Amino acid sequence: MTSQIAAPAAATPPSTGYRLRWAGLAVILAAEVMDLLDTTIVGVAAPAVRQDLGGGDAQIQWITASYTLAFAVLLITGGRLGDLFGRKRLFVLGAAGFTLASVLCAAAPGAGTLVAARTVQGLCAALLIPQGLGLIKAMFPPKELGTAFGLFGPVLGLSSVLGPTLGGYLTDADLFGLGWRTVFLINLPVGLLAVLAAARILPADRDGRDGRDGRDGRLDPVGVLLLGLAVLLLVYPLVQGRELDWPLWCFLSMAASVPVLWLFTRHQRGVLRRGGTPLIEPSLFAKRPFVSALATGLVFFAALSGLLLVFTLYLQLGLGWTPLHAGLSMIPLSIGVVAGAVLSGGLLAPRHGRRVLHAGMAVAAAGALGLWATVEHGAADLGSRQLIPALALTGLGLGLIMAPFFDIALAGVEESETGSASGVLNAQQQLGGSIGVALLGTAFFGWARTDGFRHAAGWTYGLVALLLAAAFLTAFLLPRQARPEGEGH
């Protein structure tokens with residue numbers, strides 16, 4: 001099937017790329033910033049939300065979980081919708097819906113209303129975010145893709161650190177007497193600019209629906225339901241299990257996702273035999289770079305999400321730091337991510353490919369071990385200054401990984417498969433993050449109950465190093481370069 005979005009062939013030859021591609025990349029990165037801020041900023045404001053709106057612990061937890069769950073369930077479908085109806089169209093629609101949902105969150109009169117608005121936010125993010133990778137691949141020539149993907153590292157690194165810091169500041173500052181509501185209103189100017197800029201800058205969608213080799217270009221509703229159910233059965237217990245002390249139904253739910261996923265796979269094969277368009281292109285899983293990147297990314301994002309969670313929990317619960325102090329202490333990590341991503345994307349990744357991924361994982365694992373040593377064997381009155389070397393080293397390794405990862409993951413993916421591939425890659429990140437939070441969060445709190453927060457944090461950082469070592473090994477399955485010889489570097 002042919003892609004629904006690209007600049008006209010005559011105006012956008014593959015060798016030079018879309019004329020406004022760098023401005024288009026800035027718009028896509030702005031959307032990524034909105035998503036990451038919303039993922040990280042809300043947790044800091046949760047105590048203030050509970051004090052203002054009331055509600056029990058479970059309901060307050062769902063202010064974060066509802067966004068994550070809705071996002072994960074619809075991600076792959078959102079990518080497929082971009083293939084069918086145009087990536088620019090879905091990007092603008094998702095950004096507009098996300099911005100409106102942010103205003104509804106800020107105006108929520110009660111905890112239940114806020115959870116509902118957060119669910120809508122997650123659904124809109126699932127329409128918005130998967131379009132980014134496909135748009136980048138459509139706009140940039142092969143020789144510039146590595147540089148374009150390399151810019152994700154510093155932007156996403158800064159956003160992940162800025163979220164807790166900004167959330168702490170906005171909640172404490174109580175601007176205009178709005179308190180925690182400003183953590184959602186921050187999306188309003190960014191979202192409006194993203195919508196207006198996307199409408200003017202991103203390349204136009206092609207007319208007509210998706211279709212190739214006589215296939216029907218309609219969305220597969222049964223596939224959407226089966227895949228959504230499989231993701232729900234898997235992600236829901238990962239989100240809730242740690243808070244509920246892992247009751248039996250959590251494990252039964254995760255186990256039930258396997259036969260549902262099997263039914264989805266059989267259904268997709270049937271859709272393809274009947275000449276329809278499957279929700280996930282089966283051809284993707286015949287591509288070694290893509291499948292290997294899924295395995296590597298799953299482990300890597302589990303390590304990354306678990307590290308960020310445990311680090312902020314230890315600083316606040318173990319050391320008694322304020323949210324703002326904890327957020328500011330992550331600045332060395334952010335600087336390291338920026339430095340690593342710039343170094344990787346601009347210099348190392350185009351020339352050395354997979355070896356940069358391996359170097360980044362080794363450096364990040366060394367940084368995690370450095371955090372373990374600092375916490376376990378450092379002074380009892382640990383301060384921000386003692387954490388700087390290990391944090392900066394960890395960030396440097398993470399930044400080195402960011403630039404080549406997406407470029408390698410999309411190696412050999414056809415333009416008509418890009419929306420489906422983008423949805424799967426983003427869903428993999430969400431799943432990896434949920435696994436990391438569940439695994440490392442459970443380990444941290446379990447050790448904290450018996451051995452205290454200090455030892456719990458140190459041992460959990462050791463687990464992060466082990467996960468990064470596992471990602472190092474799975475990365476050997478990836479190709480040495482992002483693209484085969486002859487496609488440019």
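Predicted model: local features only at pLDDT ≥ 70, side-chain atom pairs only at ≥ 80, totals over all residues.

Reader: What percentage of the residues in the protein chain is buried?

Author: A residue counts as buried when its relative accessible area is under 20%. Of the 489 residues in the protein chain, 58% are buried.

Reader: How many helices and how many strands does the protein chain have?

Author: There are 17 helices and 0 strands.

Reader: Which residues form a positive surface patch?

Author: Look for Arg266, Arg269, Arg273 and Arg274. Of these, Arg266 can be found in helix α11.

Reader: Is Gln268 buried or exposed?

Author: First find its place: Gln268 is in helix α11, which covers residues 248-273. Its relative accessible area is 4%, under the 20% limit, and therefore Gln268 counts as buried.

Reader: Which residues does Gln268 touch, if those up to four places away in sequence are not counted?

Author: Gln268 touches Asp220, Gly223, Pro278, Leu279 and Ile280.

Reader: How many salt bridges does a search of the whole structure find?

Author: Start with the general idea. Side chains of opposite charge can pair when their charged atoms come close. The search of the whole structure finds 1 salt bridge. Glu144 forms it with Arg21, and the closest N and O atoms are 2.7 Å apart. The pair links distant parts of the chain, with Glu144 in helix α6 (residues 142-150) and Arg21 in helix α1, 123 residues apart.

Reader: Are Glu144 and Arg21 buried or exposed?

Author: Both Glu144 and Arg21 are buried.

Reader: What share of contacts joins residues at least 24 apart in sequence?

Author: Count the contacts in the protein chain between residues at least 6 apart in sequence; 84% of them join residues at least 24 apart. For a distance between two points of the chain, take Thr39 and Gly163: these residues are 124 residues apart along the chain, and their C-alpha atoms are separated by 8.0 Å. Thr39 lies in helix α1, residues 21-53. With a relative accessible area of 36%, Thr39 is partly exposed.

Reader: Where is Tyr461, and which residues is it in contact with?

Author: Tyr461 is in helix α17, residues 418-474. Leaving aside neighbours within four places in sequence, the contacts of Tyr461 include Leu307, Val310, Phe311 and Trp372. The C-alpha atoms of Tyr461 and Gly306 are separated by 9.0 Å, although the two are 155 residues apart along the chain. Tyr461 has 1% relative accessibility, which is under 20%, so Tyr461 counts as buried.

Reader: What is the phi of Trp246?

Author: The general rule comes before the case. Most residues other than glycine have a negative phi. Trp246 has a phi near 50 degrees, a positive value in a residue other than glycine. The place of Trp246 is in the loop between α10 (221-240) and α11.

Reader: Which residues is Gly241 in contact with, leaving aside neighbours within four places in sequence?

Author: Gly241 is in contact with Trp246, Pro247 and Cys250. Gly241 lies in the loop between α10 and α11. At 0% relative accessibility, Gly241 counts as buried. From Gly241 to Phe251 the C-alpha distance is 8.9 Å, and the two are 10 residues apart in sequence.

Technical notes. Residues numbered from 1 in each chain as written. Heavy atoms only, no water. Helix = DSSP H or I, 4+ residues; strand = E, 2+ residues; numbered from the N terminus. Buried < 20%, exposed > 50% of the residue type's maximum accessible area, 1.4 Å probe, protein only. Contact = heavy atoms within 4.5 Å. Patch = residues over 30% accessible without salt bridge, like charges linked within 9 Å, V, L, I, M, F, W, Y side chains within 5 Å. Areas by Shrake-Rupley, 256 points an atom, 1.4 Å probe, with all protein chains shown as cover. Salt bridge = Lys/Arg side-chain N within 4 Å of Asp/Glu carboxyl O. Lys, Arg positive; Asp, Glu negative; His and termini not counted. Charge placed at Lys NZ, Arg CZ, Asp CG, Glu CD.
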